[in-house]
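Please take a look at the model below. This report covers its salt bridges, its pockets and cavity, and its backbone exceptions.

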Amino acid sequence: MTPQRAIRCSVLRGGTSKGLYFHARDLPSERETRDAVLMAAMGAPDLREIDGMGGAHPLTSKVAVVQVSKRDDADVDYLFLQVWPDRPEVTDNQNCGNLLAGVGPFAIEEGLVSASHGTTDVRIWMENTQSLAVARIETPAGQVRYDGLAHIDGVPGTHAPIPIEFLDVAGSTCGALLPTGHVDDVLEGVHVTCVDNGMPVVCLRASDVGLSGYEEPSEIESNDDVKAQVEKIRLAAGLVMNLGDVSNATVPKMSLLAPAQHGGTVSTRTFIPHRVHEAIGVFGAVSVATACLLPDSVANEIAGRPRADGEVTLDIEHPSGYFSVTLTVRSDNGVFHVERAALLRTARLLMRGDVFVPASLWEDS
């Protein structure tokens, strides 16, 4: 008989993603062993992830690693890890704002943060981007509430609202809000805007790659010519966004833009980076919204040049609805600044217990 090793974890839906949430202390400290354990837990690499907990899609093959923070300005530290269904790889070179929505509830459920009566603010240090977020969790009677009236597109039903505020995420990956120093660059013959407000994103007109921008994700994924052109632009963008060779990286994301169809600010179709998102990622939406406010950017023109002063709420349309982002911006002598970004997510605890992996992967020293 081959023994297995049990590892405590919880499964939560965070925003429009789903993943396994672990205490950092319950995982191997050595990275190579940790990654092997997480791939086994998810059943990767395998497109169906049939031998693990993964959902056969990047959006449902995610991991959050949480621990009490040693920082004075944070309650917990959160490390996001992407486990890829199609290859033996675990990456930490991006953040995930959807799984972030489940960090607060997990921290309270697991006793890492003490709940208040009414609401509990959980200060979360995001290790991937070295930045801070504050999530407000409803905790009537000192317990996490999951039911409520908040709806987010891409998730059925309604749940308790989780407002999240981001502090100082501009340039957190690339070093600057505008990594190239320009609002408009030409890459591979296509006008683009490269922006990093929590997630490196390249915005371009869908029409410039032969699309309307309103196609279903599956239709875009089946178009090999479009995928090849978008990837060629993405590789060129990596070099000018201070990211280097991004052939095997998850960033930058590519967001194909078109005029809004349903009263929003702009319509999006987003590569993540090789699949097309059924919605849009949290930080991806924040970066696209930011681009919409940047004067003379590709996104600004498509969005109809919305007001870019003070607090502005933008509805970013995506294949399954829209995502509202609230930004507080100002301009000093022509220099654009983002002071605050806020948005609404929901989360739900789905299960807690042990996930089992082959004991041979992690033998005690």
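## Salt bridges

Asp296 and Arg305 join their side chains in a salt bridge (3.7 Å, N to O). Here a salt bridge means a side-chain nitrogen of Lys or Arg within 4 Å of a carboxyl oxygen of Asp or Glu. Asp296 is exposed, at 53% relative accessible area. Arg305 is partly exposed, at 47%. Buried means under 20% relative accessible area, exposed over 50%, and partly exposed in between (1.4 Å probe, protein chains only).

The model is predicted: local features need pLDDT of at least 70, side-chain atom pairs count only at pLDDT 80 or more, and totals for chains, interfaces and linings use all residues. Residues are numbered from 1 along each chain as its sequence is written, and side-chain values use heavy atoms, with hydrogens and water left out.

The structure holds 24 salt bridges. The table lists some of them.

| Pair | Distance (N to O) |
|---|---|
| Glu110 and Arg8 | 3.0 Å |
| Asp86 and Arg87 | 3.3 Å |
| Asp296 and Arg305 | 3.7 Å |

What does the pair of Glu110 and Arg8 tie together? Glu110 sits in the loop between α2 and β6 (118–126), and Arg8 in strand β1 (residues 4–14), so the pair ties together parts that are 102 residues apart in sequence. Helices (H or I, at least four residues) and strands (E, at least two) are DSSP runs, numbered from the N terminus. Glu110 is buried, at 16% relative accessibility. Arg8 is partly exposed, at 37%. A network of salt bridges links Arg8, Glu109, Glu110 and Arg352.

## Pockets and cavity

A cavity is a set of points where a 1.4 Å probe fits but cannot get out. A pocket is an open set with protein on both sides within 12 Å along at least five of seven lines. Lining residues have an atom within 4 Å of a point. Grid points are joined across faces, edges and corners, and a volume is the space filled by probe spheres set on the points.

The largest pocket has a volume of about 350 Å³. Its lining has 19 residues, and Ser324, Ala342, Leu343, Leu344 and Arg345 lie nearest the centre. Strands β7 (131–139), β8 (162–167), β15 (321–332) and β16 (335–345) each give two or more residues to this lining. By class, the lining of the largest pocket has 10 nonpolar, 3 polar and 6 charged residues. Ala, Val, Leu, Ile, Met, Phe, Trp, Tyr, Cys and Pro count as nonpolar, Asp, Glu, Lys and Arg as charged, and the others, Gly among them, as polar.

The second largest pocket holds about 190 Å³ of space. Its lining includes Trp84, Asp86, Arg87, Ile272 and Pro273. The lining of this second pocket has 7 nonpolar, 1 polar and 3 charged residues. Asp86 and Arg87 also meet in a salt bridge. Asp86 is partly exposed, at 48% relative accessibility.

How many cavities of 30 Å³ or more does a search of the whole structure find? It finds 1. The largest cavity contains about 200 Å³ of space. Of its 19 lining residues, Lys62, Gln94, Lys253, Ile272 and Gly281 are closest to the centre. Helices α2 (97–109) and α5 (282–293) each supply at least two lining residues. The biggest share comes from α5, with 3 residues. By class, the cavity lining has 8 nonpolar, 9 polar and 2 charged residues.

## Backbone exceptions

Most residues other than glycine have a negative phi, and most peptide bonds are trans. Some places in this model depart from that pattern.

The peptide bond from Val251 to Pro252 is cis, with omega near 0 degrees. Pro252 is in the loop between α4 (224–240) and β12 (253–258). The bond from Ile272 to Pro273 is also cis, with omega near -5 degrees. Pro273 is in the loop between β13 (266–271) and α5.

Glu49 is not a glycine, yet has a positive phi of about 45 degrees. The loop between α1 (31–42) and β3 (62–68) holds Glu49. Ala141 has a positive phi of about 60 degrees, and lies in the loop between β7 and β8. Are these two residues buried or exposed? Glu49 is buried, at 1% relative accessible area, whereas Ala141 is exposed, at 64%.
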